[in-house]
Amino acid sequence: MTAIGLVAHDEKKAAMVAWVTAHRAALSAFRIFSTGTTGGRIREACPELDVTPLKSGPLGGDQQLGAMIAEARLSALVFFIDPLSPHPHDVDIKALIRIAALNDIPLAINRASADLVLAGLKA
């Protein structure tokens with residue numbers, strides 16, 4: 001089963017849950033790994049999905065996803081970024097984006113690009 005990573009900054013968590021809920025049928029074909037709070041909210045909204053929450057992003061969840069990408073265990077990353085808020089763990093965020101780019105996996109940073117990535121994975 002193909003696995004994808006889902007992450008959302010605090011101000012984008014509701015948007016991530018709404019996106020997952022809207023695409024729950026398509027996402028049921030994937031194993032989902034997500035940072036702690038985001039994963040918990042997704043599991044609450046869509047308990048039928050195969051969601052594995054990792055640690056919270058600032059506590060190492062971003063790095064866990066990065067390691068999974070480096071080990072070729074994730075096929076795509078959807079990271080709803082809040083570009084208007086400062087993030088104390090910005091270095092971890094940049095490292096996660098860098099490892100996704102380095103490993104040439106699809107990376108979505110908003111709803112529009114997430115729709116395209118999901119459509120590509122289904123194809």
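1. A cavity is a set of grid points where a 1.4 Å probe fits but cannot get out. This note covers a predicted model. A search of the whole structure turns up one cavity of 30 Å³ or more. The largest cavity holds about 30 Å³ of space.

2. Which residues line the largest cavity? They are Ile4, Trp19, Ala76, Val78, Ala114, Val117, Leu118 and Leu121. Two elements, β4 and α6 (111-122), each give two or more residues to this lining. Helix α6 provides the largest share, with four residues. By class, the lining has eight nonpolar residues, no polar ones and no charged ones.

3. Next, the sheet. The sheet is open and has five strands, in the order β3-β2-β1-β4-β5, with parallel pairing. Its edge strands are β3 (50-53) and β5, each of which pairs on one side only. In general, strands of a sheet pair through backbone hydrogen bonds, either parallel or antiparallel.

4. Strand β4 deserves a point of its own. β4 spans residues 76-80, and five of its five residues are buried. Is each of its faces covered or open? Both faces are covered. Ala76, Val78 and Phe80 are buried on one side, and Leu77 and Phe79 are buried on the other. Two of these residues, Ala76 and Val78, also belong to the lining of the largest cavity.

5. Now the partners of β4. Strand β1 (residues 3-8) runs parallel to β4, and five bridges join the two. Here Leu6 stands opposite Val78. Strand β5 (residues 107-108) also pairs with β4 in the parallel sense, over two bridges. In that pairing, Leu77 stands opposite Leu107.

6. Helix α3 (residues 36-45) lies across β1, β2 (31-34) and β3. It runs at about 150° to β3. Helix α4 (residues 61-70) packs on the sheet and touches β1, β2 and β4. The direction of α4 makes about 155° with that of β1.

7. Cys46 sits in the loop between α3 and β3. Why does Cys46 count as buried? Its relative accessibility is 1%, and buried means under 20%. Leaving aside neighbours within four places in sequence, Cys46 is in contact with Val20, Thr21 and Arg24. Cys46 and Arg24 are 22 residues apart in sequence. In space, their C-alpha atoms are 7.2 Å apart.

8. His9 lies between β1 and α1 (13-22). At 6% relative accessibility, His9 counts as buried. Which residues does His9 contact, leaving aside its neighbours within four places in sequence? They are Phe79, Phe80, Ile81, Asp82, His87 and Ile93.

Conventions. Residues numbered from 1 in each chain as written. Predicted model: local features only at pLDDT ≥ 70, side-chain atom pairs only at ≥ 80, totals over all residues. Heavy atoms only, no water. Buried < 20%, exposed > 50% of the residue type's maximum accessible area, 1.4 Å probe, protein only. Pairing = 2+ DSSP bridges. 1 Å grid on protein atoms, 1.4 Å probe; cavity = no way out; pocket = protein on both sides within 12 Å on 5 of 7 lines; lining within 4 Å. Points joined across faces, edges and corners; volume = space filled by probe spheres on them. Nonpolar A, V, L, I, M, F, W, Y, C, P; charged D, E, K, R; others polar. Contact = heavy atoms within 4.5 Å. Axes fitted to C-alpha atoms, helices over the stretch in contact; angles between N-to-C directions.
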